[in-house]
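Hello,

Here is the structure you were waiting for. Please open it alongside this note.

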Amino acid sequence: MRYRQLGKTGIELSEISLGTMSLPLDQKKATAIVDAALEKGVNYFDTADLYKYGEIEEMLGKIIKGRRDDFILASKGGNHWEKGKDNWFWDPSKAYIKEACKASLGRLGIDYLDVYQLHGGTIEDPIDETVEAFQELQQDGYIREWGISSIRPNVIKRYAGAGISSVMMQYSLLDRRPEEEILDFLYDQGISVIVRGPVAKGMLSMKAEEKVPENGFLGHTRAKVMRAAEKVQQIRGVEAAAQTAIQYVLKHPAVTSVTTGASTPQQVFENIGASELKPLTEKEYERLQNSIPAEVYEQHRV
């Protein structure tokens, strides 16, 4: 496993991290997945209070009990929900952000989070109030660093000067919106990018043909998606397609870690295989970029 620095901090994250949204709620099975990740050098684990309405955090808390120092833990808040209810609403208020963070700490059974993230964001948010919440949580020792989870360039830029260390965003060969402006911007600011969705819902894996919908994806026709998927399969072989797709997003220097989900230990090993591959050469990287047009996202811009 290779490690990269989180923003301007002294924290080193594994370049492949484990997202917990798809963890099974069976504690024995979930523990096996987490242990498999630890065994392969993963130290960064991402969760959120909204994942199964707190149940994932509660289970993760049981799994990490007695070995907190083995984990760099991140969670997210801002989606206001109540236990027993199946709906939620966006609430970036200072009061709720602080309340949500402390509730996450309680479910996880820990005293602090290494990274706490705003789980979304809009241009209409009361940014000064929201920033104050994170700054006070940091000053009081509840969190070490903070960031946001967003794909919206205007929102990201508003928070960039407020002390964030990271931005979590969707990024893959099939969704190159971050390349248009925000990756270079964040790199220049010394802010880390945490990637989600690098394999584009399996469309860039060895099972591409069965994963690509008939209407394509994000403005790309099915034929163009399949052409890109085939190119990914050719670079390092069909069986290494997912790992190659992950290596694509790791190529940009702004990217610190790629968060992948897993529902079995075998999936963990497959994802982590990306860190065991040699990084893409410039020629391989260009071949992938040339396999699909970048400028097709007009209707999907945010």
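Predicted model: local features only at pLDDT ≥ 70, side-chain atom pairs only at ≥ 80, totals over all residues.

Residues are numbered from 1 along each chain as its sequence is written, and side-chain values use heavy atoms, leaving out hydrogens and water.

The whole chain

The chain has twelve helices and twelve strands. These are DSSP runs, numbered from the N terminus (helices: H or I, at least four residues; strands: E, at least two). The radius of gyration, taken over C-alpha atoms, is 19 Å, close to the 19 Å from the globule rule for 302 residues, so the chain is as compact as a globular protein of that length. That rule is 2.2 Å times the number of residues to the power 0.38. Of the 302 residues, 56% count as buried (under 20% relative accessible area, 1.4 Å probe, protein chains only). The C-alpha trace spans about 50 × 45 × 40 Å along its principal axes.

The helix pair

H9 (residues 222-236) packs on H12 (residues 282-289) at about 165 degrees, with axes 9 Å apart. Axes are lines fitted to C-alpha atoms over the stretch in contact, and angles run from 0 to 180 degrees between N-to-C directions. The two helices are therefore roughly antiparallel (over 145 degrees). On the H9 side, the contact (heavy atoms within 4.5 Å) is made by Lys 231, Val 232, Gln 234, Ile 235 and Arg 236. H12 supplies Glu 284, Arg 287 and Leu 288.

Best wishes

Note on methods: Parallel < 35°, antiparallel > 145°, perpendicular 65-115°, else oblique. Buried < 20%, exposed > 50% of the residue type's maximum accessible area, 1.4 Å probe, protein only.
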